[in-house]
Amino acid sequence: MASDAGTVRVDSWIWSVRLMKTRSVAAAACKAGHVRINGERAKPAQSVRVGDEVRVRQEGWERVVVVSQLVRKRVGAVPAAECFVDKSAPRPPKEAVGAGVRERGAGRPTKRDRREWEQLRGGL
């Protein structure tokens, strides 16, 4: 399970420990600037070492993990959880993320609806 070398590609590691669904999605997140290693933007081929802090931003939430074990191949959920220490804040509730979604065919939002959405987003 653990690799013998001292480094692993960051896109491969993110995929291996199940922070992202596919390696190509992990590489795209790196290219878009959503992945940081020790505060610096990470390219997909950048190396990650034991003790590095990896920040992955996804769906309005930032995941902060510290690498405790290097893996090259994708592992199961239980061994993957042993490969990092999670220091991220709790995930925001789903109803806060989906605020402002209307049913199809409901027509234009009213002024009252817009004011309620603005309050939910932290406006006036």
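Visitor: Let's start with Asp11: is it buried or exposed, and why?

Guide: Asp11 counts as buried, because its relative accessibility is 2% and the cut-offs are under 20% for buried, over 50% for exposed and partly exposed in between, using a 1.4 Å probe and protein chains only. Before we go on, this is a predicted model, where local features need pLDDT of at least 70, side-chain atom pairs count only at pLDDT 80 or more, and totals for chains, interfaces and linings use all residues. Residues are numbered from 1 along each chain as its sequence is written, and side-chain values use heavy atoms, leaving out hydrogens and water.

Now for Asp11's partner. Arg23 forms a salt bridge with Asp11, and their closest N and O atoms are 3.5 Å apart (the rule is a side-chain nitrogen of Lys or Arg within 4 Å of a carboxyl oxygen of Asp or Glu). Asp11 sits in helix α1 and Arg23 in helix α2 (residues 23–31), so this pair ties together parts that are 12 residues apart in sequence. Helices here are DSSP runs of H or I with at least four residues, and strands are runs of E with at least two, both numbered from the N terminus. While Asp11 is buried, Arg23 is partly exposed because its relative accessible area is 36%. Arg9 joins in as well: Arg9, Asp11 and Arg23 are linked in a network of salt bridges.

Stay with helix α1 for a moment. Trp13 is in that helix (residues 10–16), and it pairs with Phe84 in strand β7 (residues 84–86), 71 residues away, linking distant parts of the chain. Their ring centres are 6.3 Å apart with the planes at 75°, so the pair is edge-to-face. For that rule, rings of Phe, Tyr and Trp (its six-membered ring) pair with centres within 6.5 Å; planes under 30 degrees apart are stacked, over 60 edge-to-face and the rest tilted. The count comes to one aromatic pair. Trp13 and Phe84 are both buried.

Back to the charges, for some context. The structure holds six salt bridges. One of them joins Arg55 to Glu53, with closest N and O atoms 3.3 Å apart. Another brings together the side chains of Arg112 and Glu116, at 3.7 Å from N to O. Arg112 and Glu116 both lie in helix α5, four residues apart, which is about one turn of the helix. Arg112 counts as exposed because its relative accessibility is 62%, while Glu116, at 39%, counts as partly exposed.
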